[in-house]
Amino acid sequence: MFSGKKILLGVTGSIAAYKAILLVRLLIKAGAEVKVIQTPSSRDFVSSLTFSTLSKNKVLTDLFDEASWSNHVMLGRWADVMIIAPASCNTLSKMAGGQCDNLLLAVYLSATCPVIVAPAMDEDMWRHPATQFNLSKISSYGNIVLPVNKGELASGLIGDGRMAEPEDIIRCLQNFFSYGNQLKGEIALVNAGPTHEAIDPVRFISNHSSGKMGIAIAEELAKKGASVTLVLGPSSIPVSGNINTIKVTSAEEMYNTCVGYIPHASIIIMAAAVADYTPLTIGKEKIKKADDTLVLDLKKTKDILKEAGKIKKTGQTLVGFALETNNEKINAQKKLVEKNVDMIVLNTHNDKNAAFKSGINKITIFDKRGNEYNFEAKPKKEVARDIINTIIQYRNV
Ligand code: CTP
């Protein structure tokens with residue numbers, strides 16, 4: 001089942017560490033290569049000898065001993081996935097804050113592979129707002145956080161906080177590996193965010209785009225195994241996952257950067273809210289206040305999506321967005337044809353739940369084969385999943 005897969009298991013100080021023993025056995029039985037990292041306090045619960053015997057690999061605990069230094073960077077690169085099970089309250093807090101006082105945390109912070117976290121603790125600790133805050137931070141970094149189970153806890157109380165069973169973790173890994181293979185070998189280009197068009201050294205023209213939608217698309221592509229380049233306009237949203245992010249400012253910079261990547265990409269998704277016009281000239285000095293009105297001369301920017309449509313080759317799937325406030329369907333379908341794209345994602349600006357800076361979006365996708373796909377208003381991460389699944393379906397036909 002996991003033949004050839006390299007799995008790094010991090011074990012922290014929790015009574016649930018005994019379940020990690022069974023997890024190692026199941027992983028080895030399924031053909032995986034397993035390396036175990038223990039935090040010092042986890043050795044009070046399970047000895048390293050148990051893990052090294054079962055994993056057939058030396059267990060790593062310290063960043064360095066007298067003789068050698070553990071290369072935490074290479075460990076994170078060696079693994080296809082890192083699982084932290086059990087993840088204690090203390091380790092979760094350090095992961096959320098970026099602390100690094102043991103080998104497990106150093107590997108976590110430098111890991112380029114996806115990380116799955118299985119928390120374990122007593123119910124009161126689980127429910128504490130600080131723990132929930134840490135968990136939401138850890139998820140926001142792109143890690144997969146498994147739910148806890150309800151049942152008998154170490155305290156003797158019954159409640160939430162039990163670590164996911166080893167069999168649940170195996171199931172999650174199965175899904176993860178099949179999910180992560182769907183776009184393996186594909187090269188994706190995404191652009192996102194607004195652009196800033198300078199008026200003078202201190203002012204610019206822009207729009208309300210946050211970049212959230214395009215970033216979620218790039219992250220979803222990476223999760224499904226694509227090699228992703230994201231050309232990102234000015235945005236404060238963090239990008240997680242293994243994504244080659246190139247920051248740009250103006251429409252021209254975005255155009256020049258994208259055009260360089262388009263020929264090499266198999267999936268191209270242009271989600272950026274590129275400015276349509278830019279000042280004809282940029283004031284060298286700050287424009288001083290003078291008359292009651294000020295006229296700015298603007299010139300059209302280059303249309304990146306249209307250019308991509310012109311140079312598109314067989315095998316490339318080109319996807320554009322259409323933000324419309326009226327005649328939505330007609331305008332979106334017009335863009336589909338005029339820009340020679342395979343698919344256009346209509347972003348409804350009229351839905352009360354879906355707004356530029358909100359986390360919610362309501363989309364309809366039209367493809368050039370005449371299909372129309374309608375979706376409910378939902379969080380942008382889910383919308384990204386819908387878009388990518390529709391693209392996969394389109395490419396498979
Ligand atoms: N687009 C682009 N380059 C531009 C303008 C837009 O690549 N200079 C792309 C957007 O990224 C999006 C699509 O074109 O994928 C449609 O953008 P939208 O703003 O909806 O439409 P426009 O083509 O700009 O036309 P209009 O503003 O008149 O609706």
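Visitor: Roughly how much space lies in the largest pocket?

Guide: First, this is a predicted model, where local features need pLDDT of at least 70 and side-chain atom pairs count only at pLDDT 80 or more, while totals for chains, interfaces and linings use all residues. Residues are numbered from 1 along each chain as its sequence is written, and side-chain values use heavy atoms, with hydrogens and water left out. On a 1 Å grid over the protein atoms alone, a pocket is an open set of points with protein on both sides within 12 Å along at least five of seven lines, and a volume is the space filled by probe spheres set on points joined across faces, edges and corners. For the largest pocket that comes to about 1,200 Å³.

Visitor: Which element gives the most to the lining of that largest pocket?

Guide: Lining residues have an atom within 4 Å of a grid point, and the largest pocket has 41 of them, with Cys113, Pro114, Phe176, Lys223 and Gly241 nearest its centre. Among the elements giving two or more are helix H8 (166–179), helix H9 (212–223) and helix H13 (380–396); helices (H or I, at least four residues) and strands (E, at least two) are DSSP runs, numbered from the N terminus. With four residues, the top contributor is H9.

Visitor: Which element supplies the largest share of the shell around the ligand?

Guide: There are 16 residues around the ligand (a heavy atom within 4 Å), and Met270, Ala272, Leu305, Phe321 and Lys339 come nearest. Helix H11 (304–311) and strand S16 (317–324) each supply at least two residues of the shell. The largest share, four residues, comes from S16.

Visitor: How far is a polar side-chain atom of Lys339 from an oxygen atom of the ligand?

Guide: Polar contacts here are pairs of N or O atoms within 3.5 Å. For the side chain of Lys339, the distance to a ligand oxygen is 2.5 Å.

Visitor: Which residue has a positive phi although it is not a glycine?

Guide: Most residues other than glycine have a negative phi, and most peptide bonds are trans. The residue you want is in the loop between helix H2 (48–55) and helix H3 (72–78). With a phi of about 60°, it's Lys56.

Visitor: Where's the cis peptide bond?

Guide: Look at strand S3 (residues 81–87), which holds Pro86. The bond has omega near 0°, and it runs from Ala85 to Pro86.

Key: Polar contact = N/O pair within 3.5 Å; in protein donor to acceptor, adjacent residues only side chain to side chain. 1 Å grid on protein atoms, 1.4 Å probe; cavity = no way out; pocket = protein on both sides within 12 Å on 5 of 7 lines; lining within 4 Å.
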